[in-house]
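Please look through the model shown below with this briefing beside you.

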Amino acid sequence: MRPIVIFAARWFMRAGLLLYYCCITGATLVSAQNTPTGAQLALWEGDAEDAITRAAKDIALYEKRGNVKENIDRLFICYNTRAQALIALGRYTEAEVAAERTLAYLSQAGSPSGPPARLPALAHLTFAELFRAKRDVARSISELKKALETAPSDAGIQAEYNLGVGRALFKAGYDISAISWLEKAEKLFDKQPLSAAKLDTHRFLALAWSAKLNYSNSLKHFRMVVDASNGTVYKGRYREALFEYGSVLNASGQKHQAMAVYEKGLKASLNSLPQSRRQASTFLATLLLDALYNHEIAKAKQYQRRLTELDSDSEYRHERLLGEAIIHGFEGRRDVSEQAFAELEKTGKMSEFVIPNWRIIIAEHFKDWETSIRLNKELHDLIIKNNFREDLPRIYLSLATAYFHTDRKRESLENLERSISLIDEILVSENGALSLGLSDTFHTAYRLLTQINLGQPQIALQSSDYLKGRILRDRIDGAATRPRPGFSPEIHKQAGELSAEFIRDPTAPGKLEEFERSVTIALPRLALAKVDLAKLDQIRDLENVAIVSYFFAPDGRLSAFVWEKGKQVKSVAVPVTEVELAKDVEGVHRKIKNSIFFKRDGKELFDKLLKPLSLTAKHLVIIPDKHLWKIPFQALSPDGERYLIEERLVSYSPSVALLLEQLRQPKPSRHTIRAFSNSTFNDLKLRFADSEALSVAGLYGSRPNLAATAADLRRHSGNADIIHLSMHAQVDGEQPLESFLAFRATGSHDGRVTVNDLLNLSLKKGGLVFLASCDTNSVLNGEGLVSLAWGAMGAGATTVISAQWEANDKLTGIFTQAFYRHYKQGYSSAEALQKASLEMIKNKSNNMHEPYYWADFTLNGDYR
């Protein structure tokens, strides 16, 4: 089963409105470089009704001129365009009559001009589109064969034949085979001028890749459609592409970019009224529901008002009524909301899943748990009846949440087990690929499981730690920009052979179905096991060390698990919520950057986050959760007089499991360094980057790579124990794998080394990486360490020192030199970092004692 998330605007969009233009065939006699008819322009604009009207007028005009040679092509276009427009409107009976009339006209008109038999072939392609729209795949393929048999040597017909077969296979659910045929069409169209069919090829490649959850390839093809159609006669295709592009961005977790694309599409639609009224309404309905899903009521009301103004013929009455019901529900007018929902139910025009879904969301918003349980049970039965397996984990999670809040632990655990185990089954059946929605459901289920087990700290810590590893893996594996493998030549060959059998006999698809299920194109996934806490006691380097692992429950409450050698794991409730902490993080960063973060500010946070834990260990290993990754714990103050770093060693780790794995290895012995610097990137200049690289390399008797390129990094990064990187860095909040270090551009390479690129490096085992660049430790929505720092760790480094914000590059050079000087003297990496910080704190010149200049550097991983 294909994931329901594909192009779903949250919980619903009516298929006929969402993919209104998907039925417009690509078969055309002319490309945009020739002179199209008024009917074609109207169809490409997205106004099928106007296309029918214009086609009728043109037919009357050309028929008066008689059966002269130059009229035949134009008349054919008019007849064919009318049939295509009727298909687009879903008026299939009329469309079939119009398509028959097109063929009848050609038989009456005699030999057409232009390439032999091209016009009858195009007519058969229109028939193929008609039957495909009617879900009659066998007849669609039959017409495609007729088209190719009619004009076998015509390159355009060959391309459209491959496109048509690919679309038919996609319609039948054979996505891998569809991609194989669509890629053939792509090659054939490559050197041809822009046409609707050429755009359709990229569009359906995007759809097929998205169906396989390969968002990187899907987004690539949608961008091609958007770029190619922008500013051309294919205005309707351009707006359609923006909508679908935004939908995939949304499905892949890039919410802000998705909203920007939707707004762009809305603007383009509003600028083309009245022809694009339906598309403008679709954008508004989507933006409305997205705002409601995010509880942005004021914004939703604006979209609702604009949709009402635009919907003069009440075509979107159901969408407007749904919006009203949800808005009233969130604003506490439950009676009015229920009246609107009831009115919607009476119409029978909306999916039977939509209203229960939103009722559950509203009930959960008001913590009406009994209503939530009742509605979820009703929706569960409906989903079972319709065999929509992918929606079940979310239902079980919702039930588990409601049971938890009504003190029914047994029922809560039963439903959590169902949710988690079903997602694991889906993971296997989908060949290692999960939709973003299912990943989020899994993560939330584990958060709730941890919260339920807080009374058993050891079990809860294991669940929480497993969750952190799982979030990290899923965020990396599921990232839209993570390159995905295509198909091997063997898979291409097998797909071609089996789909050819299907084309010969579409009624017997058995082997093709089996093949499609068996092929996997997902990335390899790391095996995650729950940490064995008993092994921590066997690590000598954990003497006088406290591991503090923070955990946010689904309801926003914060707990801390504390492990110390020889003691029982304890769980401590921390007196701050997730919402409150988000505000604290914003305030801390603002104050630090403006040099107004005082020790009393650090004491306030210390009292919230660390004082309740009663820690005595000399060294604290912090394992943050969500926004806590953005708190510089080393700058907190136990007493309002001294910073924490003045009393304790402070380091960080993504998880207990990873820390255990690193500390079980022999203590690293690091004697060689390779320093890379690049002082300029675009208009940005780091005056002291080169001198910093020269100084730290000099401490080890090495020479740095100045004005270093990405090729330099690839060539030399695996040869040294320590890699030092001094250059500009830029963080991408929505696509963290596209965050980059700015090396020198060369030739066609722009110099950007992304997290993706770092993950593909092979650094020396047990190495240390110092990212002396700005903001290299930023995180993805606070949901775990998905950053340049993690990229270095993923490439093999076991110790990574990185910055949380951009600081003065001159003082950064002073800090890094101090670190390496102490590290070279035999201090551990955590001790060297502490001593470098203390030197800065004690030095009042140039304000370098301010946390802004030293507290941004954090040590992740092996602290030895």
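Helix 13 and helix 14 cross in a left-handed way, a crossing being left-handed if the near helix is turned anticlockwise from the far one by less than a right angle, and right-handed if clockwise. This is a predicted model, in which local features need pLDDT of at least 70 and side-chain atom pairs count only at pLDDT 80 or more, while totals for chains, interfaces and linings use all residues. Residues are numbered from 1 along each chain as its sequence is written, and side-chain values use heavy atoms, with hydrogens and water left out. Helices (H or I, at least four residues) and strands (E, at least two) are DSSP runs, numbered from the N terminus.

**Helix pairs**

- Helix 13 (residues 255–270) packs against helix 14 (residues 277–293) at an angle of about 150 degrees, and their axes are 8 Å apart; axes are lines fitted to C-alpha atoms, for helices over the stretch in contact, and angles run from 0 to 180 degrees between N-to-C directions.
- That angle makes helix 13 roughly antiparallel to helix 14, since angles under 35 degrees count as roughly parallel, over 145 as roughly antiparallel, 65 to 115 as roughly perpendicular and the rest as oblique.

**Helix 29 and its buried side**

- In helix 29 (residues 689–699), Ala689, Glu692, Ala693, Val696 and Ala697 are buried, where buried means under 20% relative accessible area, exposed over 50%, and partly exposed in between (1.4 Å probe, protein chains only).
- These residues lie on the same side of helix 29 because they cover an arc of only 120 degrees around the axis, the arc being that of the directions from the helix axis to the C-beta atoms.
- An α-helix has 3.6 residues a turn, so residues three or four places apart point the same way.
- The elements covering these buried residues include strand 6 (673–678), strand 9 (722–727) and helix 33 (809–824).

**Nonpolar cores**

- Of the 108 residues in the largest nonpolar core, Leu292, Leu322 and Trp358 touch the most other members; such a core is a set of buried Ala, Val, Leu, Ile, Met, Phe, Trp, Tyr and Cys residues joined through side-chain atoms within 4.5 Å.
- Helix 10 (residues 196–211) gives the most to this core, with 10 residues, and a second, separate core of 91 residues includes Tyr652, Ala807, Tyr823 and Phe857.

**Backbone details**

- Most residues other than glycine have a negative phi, and most peptide bonds are trans.
- A cis peptide bond with omega of about 5 degrees joins Leu273 and Pro274, and Pro274 is found in the loop between helix 13 and helix 14.
- Ser595, in the loop between helix 26 (578–593) and helix 27 (599–609), has a positive phi near 55 degrees and is partly exposed, with a relative accessible area of 29%.
- Ala707, in the loop between helix 29 and helix 30 (710–716), has a positive phi near 50 degrees.

Key
Contact = heavy atoms within 4.5 Å.
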